[in-house]
Each structure stands twice: as C-alpha cells, then as structure tokens.
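Reader: Can you walk me through this one? I'd like to start with the charged side chains.

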Amino acid sequence: MDAIATIRSCYSQRFGIPRQPGLVDSAVAAIEFEPISDNQLALRDLDAFSHLWVVFVFHRQHYKRFKPLVQPPRLGGKTTKGVYATRSPNRPNPIGLSVVALQNISFDKDRYRVYVTGGDFLDGTPVLDIKPYVPFVDAISDAKSDWATPLQDALQVVWESEALKQLNEIE
C-alpha cells in the first residue's frame, strides 16, 4: 500500500499522544496531499461530512514482532487482553483507524490540506485512506464493550486566576 497523504500534527512525540481519538477535541492536525488534480478531485464533496475515518500507519512503531497479549493502560497496565480486543498500536500490521472532526479543506499551491480536530496522530503519520463517517451506519446504538467504558472519575481542572489571565493574553 502507498500513502496518499501525510499528517501534520501537534504531537511530535509518541508519549504525548492521547490514547484514543476524540479525547482532546482541541488537537489540530492537517492531512496534507500533494497539489495534483487527482487529489483535488478525490477531495471533492468531502466537506459535506462533519467527521472522517482516517486509516493510517503507525510509522514510528519500533516493535520487532507484535505481542498477541497486551496490557491496556485503561486497565491500569496490570490486566492482560488479547491484542485484537484492544486498540494497542502493537499490532500484526501497524495500521491505525481514528475518527476525527473535519474543520475545513484548503487548496493551496504547495499542498492540499484537510484540517481535522480530535486526532491521535504523531506528526509525519502516513495516511492510507480517508472515508466519511456516516452516522446511520457507523454509530451502533446497542453496541457493547464490557471493559472499555467511559471514565467514571474524571478529574476536574481548576484554574488559578493568574493562569486564566495568562491564557487569555495568549489567545
């Protein structure tokens, strides 16, 4: 398979990336395509969708061979699960799949860019494909996940007034 595009992301190191897409809505990335007419045609009508599936390569994966059993951080790193029952990046083939929010598309001279948010991509990630997220078939209302459930004890962030002042100045 050949990469169709490259992701330019706010994450330059593997260890700063959220474990799942959608956990950091403010994470901005650009999927960059070569500025050729086939790419412009292929991107036509994509802006009719609010979300996209991105199929990508874990390009900085350093595993010599995949592990059939992994310890998901979600379970404290102490419980072992079969790799196919997880979203671990240590897979037989280093392929990832993430759903992201589409922000806009630009056709600049040097690159065509699809801007997305909520991704979990390392900068420089090769993209194999993008597909529209179609809610009536992609969202399965009665789907279940026995152990992969939302966090119950989310932490509350409290900002000091001085920190809020500095944040407002930066914006």
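Reader: How many salt bridges does a search of the whole structure find?

Author: Nine. Keep in mind that this is a predicted model.

Reader: Give me one. What does Arg-8 form a salt bridge with?

Author: Its partner is Glu-32. The closest N and O atoms are 3.7 Å apart.

Reader: Is Glu-32 buried or exposed?

Author: Buried, at 15% relative accessibility, because the cut-off for buried is under 20%. Arg-8 is partly exposed, with a relative accessible area of 38%.

Reader: Next pair. Which residue does Glu-34 meet in a salt bridge?

Author: Arg-111, at 3.4 Å from N to O.

Reader: Which residues are linked in a network of salt bridges?

Author: Arg-8, Glu-32, Glu-34, Asp-108, Asp-110, Arg-111, Arg-113 and Asp-123.

Reader: And what about Asp-129 and Lys-131?

Author: Their side chains meet in a salt bridge, 3.8 Å from N to O. Asp-129 is partly exposed at 29%. Lys-131 is partly exposed too, at 42%.

Reader: Switching to the fold. What do the strands build?

Author: A closed barrel of six strands. The order is S1-S2-S7-S6-S3-S8, with antiparallel pairing. From one strand to the next, the twist averages 45 degrees.

Reader: Zoom in on S1 and S2. How many bridges?

Author: Four, in the antiparallel sense. Within that pairing, Ile-7 stands opposite Ile-31 in S2.

Reader: What holds paired strands together in general?

Author: Strands of a sheet pair through backbone hydrogen bonds, parallel or antiparallel.

Reader: How many helices and strands are there in the chain?

Author: Three helices and eight strands. Along the sequence the pattern reads β-β-α-β-β-β-β-β-β-α-α.

Reader: Now Asn-90. Where does it lie, and is it buried or exposed?

Author: Asn-90 lies in the loop between strand S5 (81-82) and S6. At 2% relative accessibility, Asn-90 counts as buried.

Reader: Which backbone nitrogen lies 3.4 Å from a polar atom of its side chain?

Author: That of Lys-67.

Reader: And how far is Asn-90 from Lys-64?

Author: 9.8 Å in space, C-alpha to C-alpha. In sequence they are 26 residues apart.

Reader: Whole chain now. What share counts as buried?

Author: 29% of the 171 residues.

Reader: Last one. How much of the contact set comes from residues 24 or more positions apart?

Author: 74% of the contacts with a separation of 6 or more.

How values were computed:
Residues numbered from 1 in each chain as written. Predicted model: local features only at pLDDT ≥ 70, side-chain atom pairs only at ≥ 80, totals over all residues. Heavy atoms only, no water. Salt bridge = Lys/Arg side-chain N within 4 Å of Asp/Glu carboxyl O. Buried < 20%, exposed > 50% of the residue type's maximum accessible area, 1.4 Å probe, protein only. Pairing = 2+ DSSP bridges. Helix = DSSP H or I, 4+ residues; strand = E, 2+ residues; numbered from the N terminus. Axes fitted to C-alpha atoms, helices over the stretch in contact; angles between N-to-C directions. Polar contact = N/O pair within 3.5 Å; in protein donor to acceptor, adjacent residues only side chain to side chain. Contact = heavy atoms within 4.5 Å.
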